[in-house]
Amino acid sequence: VLKPFIGMKIRTPQGDIGELKSAFGTAGKFRVYFPAGTEAREGDALVMPFLRFAHDAEKKMRQNIVLPKARPGTRMESKKKKAKPEAIGQVEKLKGDVLENGKLTVAIIVGFFTPEINVREKIGRKVYIPSTKEEGAISGSFGKAGKCKVTFENGISAEAGAKAELIAA
């Protein structure tokens, strides 16, 4: 289905010119090469201007667009992908000292470890609370069910039940 369009020129809303190169995946996506780079983003409309003449024996799509010369070093930096957490747990309860900002310093987290794992070997590992963007460190085990204590230097404002992520080492 895409074959007649391979090699056709594409224009972005910003005026960048690219060439349709190939299909990509099975969902109707395609690759476009922009030799001079592009500011286009996912979801932007792409236009394929062409002329087709009524009495043309070849019934060919014709374009009078020329690709710009390649500019070396114009590749855009992609956003850094966030590393997947090693484990996902949940804040069970908050305890510890109350800081001047009214936050508690220790959270008990469940779900990171099974009871067989020695939590003491994990002391110092970073823990991230996505809802409040707070980061703490494992300071010890809590009970025998694989729970752990996590200390937050600036306190934790998350509620019990909040999602917690064990950052991969």
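Analyst: Confidence by element comes first. This is a predicted model. Strand β3, residues 29-33, has the lowest mean pLDDT among the elements of the chain, at 88. Strand β5, residues 104-110, has the highest, at 95. The chain as a whole averages a pLDDT of 88. A score of at least 70 is reached by 93% of the residues.

Now the salt bridges. The count comes to seven. The cut-off behind that count is a side-chain nitrogen of Lys or Arg within 4 Å of a carboxyl oxygen of Asp or Glu.

Take Glu 19 and Lys 21. Their closest N and O atoms are 3.6 Å apart. That pair counts as a salt bridge because the limit is 4 Å. Glu 19 has 16% relative accessibility, so Glu 19 counts as buried. Lys 21 has 40%, so Lys 21 counts as partly exposed. The cut-offs used here are under 20% for buried and over 50% for exposed, with partly exposed in between.

Next, Asp 56 and Arg 62. This salt bridge has its closest N and O atoms 3.0 Å apart. Asp 56 is buried because its relative accessible area is 16%. Arg 62, at 31% relative accessibility, counts as partly exposed. Glu 58 also belongs here: salt bridges link Asp 56, Glu 58 and Arg 62 in a network.

Then Arg 125 and Glu 86. The closest N and O atoms of this salt bridge are 2.6 Å apart. The pair links distant parts of the chain, 39 residues apart. Arg 125 sits in the loop between β5 and β6 (126-129). Glu 86 sits in the loop between β3 and β4 (87-98). Arg 125 has 15% relative accessibility, so Arg 125 counts as buried. Glu 86 has 43%, so Glu 86 counts as partly exposed.

Last, the strands. Six of them form a closed barrel, in the order β4-β5-β8-β7-β6-β9, with antiparallel pairing. Neighbouring strands of this sheet are turned by 45° against each other on average, ignoring direction. Ile 88 has Glu 165 in β9 as its bridge partner.

Conventions. Residues are numbered from 1 along each chain as its sequence is written. This is a predicted model: local features need pLDDT of at least 70, side-chain atom pairs count only at pLDDT 80 or more; totals for chains, interfaces and linings use all residues. Side-chain values use heavy atoms; hydrogens and water are left out. pLDDT is the predictor's confidence in each residue, from 0 to 100. Helices (H or I, at least four residues) and strands (E, at least two) are DSSP runs, numbered from the N terminus. Buried means under 20% relative accessible area, exposed over 50%, partly exposed in between (1.4 Å probe, protein chains only). Two strands pair if DSSP finds at least two bridges between them. Axes are lines fitted to C-alpha atoms, for helices over the stretch in contact, and angles run from 0 to 180 degrees between N-to-C directions.
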